[in-house]
Structure formats: structure tokens, C-alpha cells
Number of protein chains: 2
Amino acid sequence: MPLPQTEIPGRLQAYFSERGIRMTQQRRAILQVMETASKHLDAAQILRKAKKIDPSVDRSTVYRTLKLLKRNGLIDELDLMHIHGEGHYYERKVNRDHIHMACLRCGKIMEFVSDIFENLKQQVEKDCRFKIMVSRLEIGGYCTACRAQQ
Amino acid sequence: MPLPQTEIPGRLQAYFSERGIRMTQQRRAILQVMETASKHLDAAQILRKAKKIDPSVDRSTVYRTLKLLKRNGLIDELDLMHIHGEGHYYERKVNRDHIHMACLRCGKIMEFVSDIFENLKQQVEKDCRFKIMVSRLEIGGYCTACRAQQ
DNA sequence: ACGCTTATTGCAATCCGTCGCATCTAGCAC
DNA sequence: GTGCTAGATGCGACGGATTGCAATAAGCGT
């Protein structure tokens, strides 16, 4: 029983079919959630939102799809230093890697883009002769507001 | 029923008693495991090794102790880019932060220390006015040997 | 449009990590 | 050494994430 086909960017369709990955209704629903998410969803939130689009989506399909997307570099997985428990968070991969900073006191998440980070990765690739596919820098500490109140 | 008291470094004894953290038999067993581990144990391995020293050690005590040690900056928690599944790994904290690189093909874990990493952290502290307490840079990619064989 | 093949799914069982609570014990005072 | 008390433990129960397997459906050839 076909559901209304939700709009998925052509680049993803192409990426999938090139390597024989099937575009199922469930994946389409999950992808739509990831594409339209403002930020940092955890698996439970993704499941809930995906079920609204296609109620048949199962928990295990969400986890399997997230793993697939992660393996293919289409999303990033974060744990935000486990400030809010052990869960993991997911966000669409953007062109430039960014650093995540989590305030250990107020829980706020900040992002930061840095040329030095790019330099560091280049150094690793060169000095270790290591081809970087994915990288993640997460920092825990205290934000400006919380430092003042300590 | 007292077990043979295993040797725990004085610095840890001092650190604990200063802040009213009790040195129990179970913690002593777990600490001994961490101190003598060559590297990167996961929770199940720590439990198994600790049980050999003190069979009464329970799973939840291991998790609680790891959390305690992490909170106090005595160990680092890694996920090594989830190459071997979702589990977490633990290692004794050493003075200088190091980068972990995980080969996505052979699974080998490499470490790297870099001044640029230190510079990057300084930049974050300055530009974001953020006090860093803990940081973790993990990289997934392909090591020299595996690059050659692709 | 129809069938075929195999990737993908849903379900149930399982595993891993956490939590509440009653019990125990480390560390201190005497 | 003995007793006291709060911190720590073990146990059982729970929720989140994973996995094996039979059933389903995507995508291709015709």
C-alpha cells in the first residue's frame, strides 16, 4: 500500500542506487526526518517523527538505517560527552567538520569551526600516513555564563 | 572477609580520601585492573578481570566505578568510532591528551600526540571563552597498510 | 505489467547499561 | 577493639539498542 512519496533530494537517490542500496518507504521517512531536522536528534526522537510519516517504521529499522547512513558518511553521530545520559545524537553531515562543545553545568551545546582543526587533520594524514574518512572532536567544560557563576 | 589487599598507588589513595571517597575492596580490584591494563578495555572485560581479583564485584559496581573515575578525570572514555560495535572503552588518563585513530578496515587503533591539538584547544578556550575540562578527538579512516591494499 | 532475486523489514529474544532499594561496610570517634 | 553512620554494594527490574529469522517488497529483466 503506497504512501505519498515524500520528497528526497536527488543526490541521495543517486547515491543509493549507485551502490545497490534500496530506497524503501521506511528509509524515505527516516531520511526526510534527518533532512528537515533542525539539529541533534536522538534515536527515539527520530523514531517518533518517522512514525508520523510512515507508521510502520520499527525501532530496529531506525537503528539499522542510522548505522547505514553513518557508514556511508551521510550523517554524523555524537554523544555530546554524555551530558544527557548515554544516548547518541545524529545530525546531517555538513561540508565542514565542526567541533562540539558541551557545557557540563547547563548542558548547552555549542559548535565551532576552526582552521586549526583542518590543519590538525592534515598533520595527522601526513605524519601518520592515515587517510581520514570521518572525525569527531567533542569537548566538555564550562561555558562563559557558567564560569561566571561558579 | 578481607581479601589480600592489592597494591594501589598512593596518589589514588590520597585523591580518594581527600574528598571522602571510600576505598572499597571492589574499587581496589577495578582500579588494579585499570592500572595494569595494557590498553582500551571495555566494561565487560573490566568486569571479568575484576571478578578474578574479587569475585563479589557486580556489573553495576563496575559501571558506577567507571562513572566515578570518569567524573574525577582519572580515566578517559572512548568509543573508538564504534568500529567494534556500540560499546565504550576505557583507559587510564595520561598527562597529555592524545588523538585516537581507528582503521575502518583492519580495526587497528593508533594514537597520536600533537602540538596543533594543544593549540586548537587553546583557540577554543580563547575564542569561545570556554573552560575545557575534557576533550576527545577520534578519527576513523584507513591506515597505511590498508590504503595500499584497497 | 509480471516474476524473480535478494536486500530489507518487523518481530521477538537478547544484551548492555542504569536505577531503586534493602543491606552491608569503610572510616571515624571513642 | 566497638559502635555508629553515611556512602557503597548487590540484586532485581527496567529501558534502550542489537540480532536472528521468517516474511516482505524494491528494483531489475523480460
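In this predicted model, helix α3 (residues 43-53) of chain B and helix α4 (residues 59-71) of chain B have axes that come within 10 Å and cross at roughly 115°. The crossing of α3(B) and α4(B) is right-handed. On the α3(B) side, the contact is made by B:Ala43, B:Ile46 and B:Leu47, and these meet B:Arg59, B:Val62, B:Tyr63 and B:Leu66 of α4(B). Six of the residues in this contact are nonpolar and one is charged, with no polar residue taking part.

B:Ala43, B:Ile46, B:Leu47 and B:Ala50 are the residues to look for, as they are buried in α3(B). Viewed down the helix axis, the buried residues of α3(B) fall within an arc of 100°, so they line one face of the helix. The cover over these buried residues includes α4 of chain B, along with α2 (25-36), β1 (41-42) and β3 of chain B. On the face of α3(B) turned away from the buried side, the exposed residues B:Arg48 and B:Lys52 are found.

B:His88 sits in the loop between β2 (75-78) and β3 (89-92) of chain B. Although in a loop, B:His88 has a relative accessible area of 13% and is therefore buried, as this value is under 20%.

Chain A can be laid on chain B with an RMSD of 0.4 Å by a turn of 178° and a shift of 0.0 Å along the axis. This is the relation of a two-fold axis. Both copies use the same surface, as 100% of the contact residues of chain A recur in chain B. Within chain A, the residue that comes closest to the rotation axis is A:Leu137, with its C-alpha at 2.2 Å.

Chain A itself is built from six helices and six strands. Starting at the N terminus, its elements follow the order α-α-β-α-α-β-β-β-β-α-β-α. Its C-alpha atoms fill a box of roughly 55 × 40 × 20 Å along the principal axes. Of the 150 residues in chain A, 45% are buried. Among the contacts in chain A between residues at least 6 apart in sequence, 48% join residues at least 24 apart.

Most residues other than glycine have a negative phi. A:Arg129, however, has a positive phi of about 50°, and B:Arg129 likewise has a positive phi, near 50°. A:Arg129 is placed in the loop between α5 (115-127) and β6 (131-142) of chain A, and B:Arg129 lies in the loop between α5 (115-127) and β6 (131-142) of chain B. A:Arg129 is exposed, with a relative accessible area of 51%, and B:Arg129 is exposed with a value of 51%. The other loop, between β4 (99-103) and β5 (109-112) of chain B, holds B:Arg105. B:Arg105 is partly exposed at a relative accessible area of 44%. In sequence B:Arg105 and B:Gly140 are 35 residues apart, while in space their C-alpha atoms are 9.7 Å apart.

Conventions:
Residues are numbered from 1 along each chain as its sequence is written. Chains are lettered from A and ligands numbered from 1 in the order in which they are written. This is a predicted model: local features need pLDDT of at least 70, side-chain atom pairs count only at pLDDT 80 or more; totals for chains, interfaces and linings use all residues. Side-chain values use heavy atoms; hydrogens and water are left out. Axes are lines fitted to C-alpha atoms, for helices over the stretch in contact, and angles run from 0 to 180 degrees between N-to-C directions. Helices (H or I, at least four residues) and strands (E, at least two) are DSSP runs, numbered from the N terminus. A crossing is left-handed if the near helix is turned anticlockwise from the far one by less than a right angle, and right-handed if clockwise. Contact means heavy atoms within 4.5 Å. Ala, Val, Leu, Ile, Met, Phe, Trp, Tyr, Cys and Pro count as nonpolar, Asp, Glu, Lys and Arg as charged, and the others, Gly among them, as polar. Buried means under 20% relative accessible area, exposed over 50%, partly exposed in between (1.4 Å probe, protein chains only). Copies are superposed by least squares on the C-alpha atoms of residues with pLDDT of at least 70 in both. The arc is that of the directions from the helix axis to the C-beta atoms.
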